[in-house]
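Please look over the sequence and the model shown here before reading on.

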Amino acid sequence: MEWFDFGVYAYIADTIAEVFFPPTVSPGVRLIGTFGAFTAAFLMRPLGGLVFGPLGDRIGRQKVLAVTMIMMAIGTLCIGLIPSYSSIGVWSPILLVVARMVQGFSTGGEYGGATTFIAEYSPDKRRGFMGSWLEFGTLSGYVLGASVVTGMKAWVPHETLLDWGWRVPFLVAGPLGIIGLYMRLKLEETPAFQKHAEEAEKRGKSGEPFWKMFTEYWPALLVCVGLVLVFNVTDYMLLSYMPTYLSEQLHLDATHGLLLIIVVMVVMMLIIMVGGRITDHVGRKPVMMAGCLGFLVLSWPLMLLVHDGGLLLTFLGLMGLGLLLLCFEVSMPAALPALFPTAIRYGALSIAFNISVSLFGGTTPLVMQSLISATGHDFWPAWYLMAAGAIGAVAVYFSRETANKPLWGSGPAVSTEAEARELVRDSG
């Protein structure tokens with residue numbers, strides 16, 4: 001639900017460009033303005049992480065995740081209510097940016113909290129599998145958003161879409177937000193946080209000092225930034241920017257482009273839990289390194305397929321990029337929370353994650369569109385993906401393997417009595 005709200009903007013970006021920006025400027029400039037508003041949300045994400053992350057370490061994961069759901073639904077609903085540029089002029093794109101900033105502030109506390117919540121509830125030997133469900137949910141939200149937009153573009157006349165049809169995906173946020181809030185309020189706090197809170201109360205402390213994460217855990221923060229960079233540059237390149245790239249640069253029918261991305265995401269959803277299980281057996285580092293080296297070596301030939309092939313070859317190129325992205329989708333939700341101890345996990349992960357996303361991941365559509373418009377070259381996505389793969393490989397090299405091990409600051413976690421007996425036997 002959260003990622004339907006956040007992702008639907010990218011899939012209807014070409015229509016938003018016509019609605020919110022003056023018709024006197026070129027389509028390329030309007031798209032840059034639209035992706036500028038998209039990027040504005042990411043500029044707020046570090047601030048959201050700075051507020052919600054430490055708050056989640058202080059008052060609990062569940063409470064903060066309920067608040068982020070409310071804020072995201074409000075921000076998305078507001079976008080659907082903003083009058084067009086023809087109605088209120090320059091105030092239209094200004095209000096669009098403000099609504100996107102509310103979304104970004106909310107998302108700043110979302111991913112770090114969700115990964116922390118799932119990781120702290122998962123048994124040590126199944127953390128990769130359990131974490132892969134988080135990305136299954138993310139992809140589900142993207143697929144739902146892309147499907148709604150694709151259906152409207154296919155069956156709603158363009159004039160109607162510009163008049164009021166584009167508002168429908170955003171107005172859906174209201175009821176979805178209520179459902180999501182109800183579900184999150186039914187969740188119980190994680191055992192790891194409950195234990196930490198009890199121990200902190202006995203010591204008479206509310207938690208670790210905020211500055212401690214920067215003075216003592218800065219190596220883990222840097223590794224986290226590097227891992228998130230490759231994860232999110234590749235994610236936003238494929239799932240957010242590619243529909244626009246296919247239609248604007250390759251002049252593929254917008255509906256066909258979206259359908260190709262939807263099929264790629266559905267295939268990823270079908271195998272993502274298998275990938276999560278694989279990381280529980282072989283480890284997170286080998287899978288992440290395979291993804292990094294894959295993007296470093298294969299981005300260029302895969303983008304050649306996307307750029308120069310027919311519909312089938314374009315799909316094969318996109319599917320190849322999707323399978324490489326899957327290396328991160330199945331491993332990151334388990335690998336990132338394990339970088340930090342319980343006392344600062346939510347805060348450190350939220351801050352490092354959102355700084356990296358804001359500087360590199362969320363800016364990807366804007367940077368790509370700007371570079372292509374300025375230079376006239378269509379292969380910037382391949383070069384960008386190769387650079388991300390190289391940086392990610394360095395981060396993976398300096399990370400530590402955490403598969404089948406307890407989270408930092410927590411005792412062993414098992415899912416069955418047999419595992420518990422085995423653990424006791426192995427410990428002597």
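This is a predicted model: local features need pLDDT of at least 70, side-chain atom pairs count only at pLDDT 80 or more; totals for chains, interfaces and linings use all residues.

Residues are numbered from 1 along each chain as its sequence is written, and side-chain values use heavy atoms, with hydrogens and water left out.

Start with helix H14, which covers residues 218–249. Helices here are DSSP runs of H or I with at least four residues, numbered from the N terminus. The 32 residues of H14 place its end C-alpha atoms only 41 Å apart, short of the 46 Å that a straight helix would reach at 1.5 Å a residue; the expected span is 1.5 Å times one less than the number of residues. A kink of about 60° lies in H14 at Tyr241, shortly before the proline Pro243; the bend at a residue is the angle between axes fitted to the seven residues ending there and the seven starting there. Because 27 of its 32 residues are buried, H14 is largely enclosed by the rest of the structure. Buried means under 20% relative accessible area, with a 1.4 Å probe and protein chains only. After H14 comes His251, with a positive phi near 60°.

Turn next to the pockets. A pocket is an open set of points on a 1 Å grid over the protein atoms alone, where a 1.4 Å probe fits and protein lies on both sides within 12 Å along at least five of seven lines; lining residues have an atom within 4 Å of a point. The largest pocket holds about 650 Å³ of space. Its lining has 21 residues, and Glu110, Ala114, Ile118, Leu134 and Arg184 are the closest to its centre. Helix H8 (127–155) gives the largest share of this lining, seven residues. By class, the lining of the largest pocket has 14 nonpolar, four polar and three charged residues.

The second largest pocket holds about 410 Å³. Of the 26 residues that line it, Ala192, Thr342, Gly409, Ser410 and Gly411 lie nearest its centre. Here the largest share, six residues, comes from H12, the helix at 191–203.

Last, consider Thr363, in the loop between helix H19 (345–361) and helix H20 (364–375). Thr363 counts as buried, at 11% relative accessibility. Its side chain reaches the backbone oxygen of Leu359 at 3.0 Å and that of Phe360 at 3.1 Å.

Key: Helices (H or I, at least four residues) and strands (E, at least two) are DSSP runs, numbered from the N terminus. Buried means under 20% relative accessible area, exposed over 50%, partly exposed in between (1.4 Å probe, protein chains only). Grid points are joined across faces, edges and corners, and a volume is the space filled by probe spheres set on the points. Ala, Val, Leu, Ile, Met, Phe, Trp, Tyr, Cys and Pro count as nonpolar, Asp, Glu, Lys and Arg as charged, and the others, Gly among them, as polar. A polar contact is a pair of N or O atoms within 3.5 Å; within protein, one must be able to donate a hydrogen and the other to accept it, and residues adjacent in sequence count only if both atoms are side-chain atoms.
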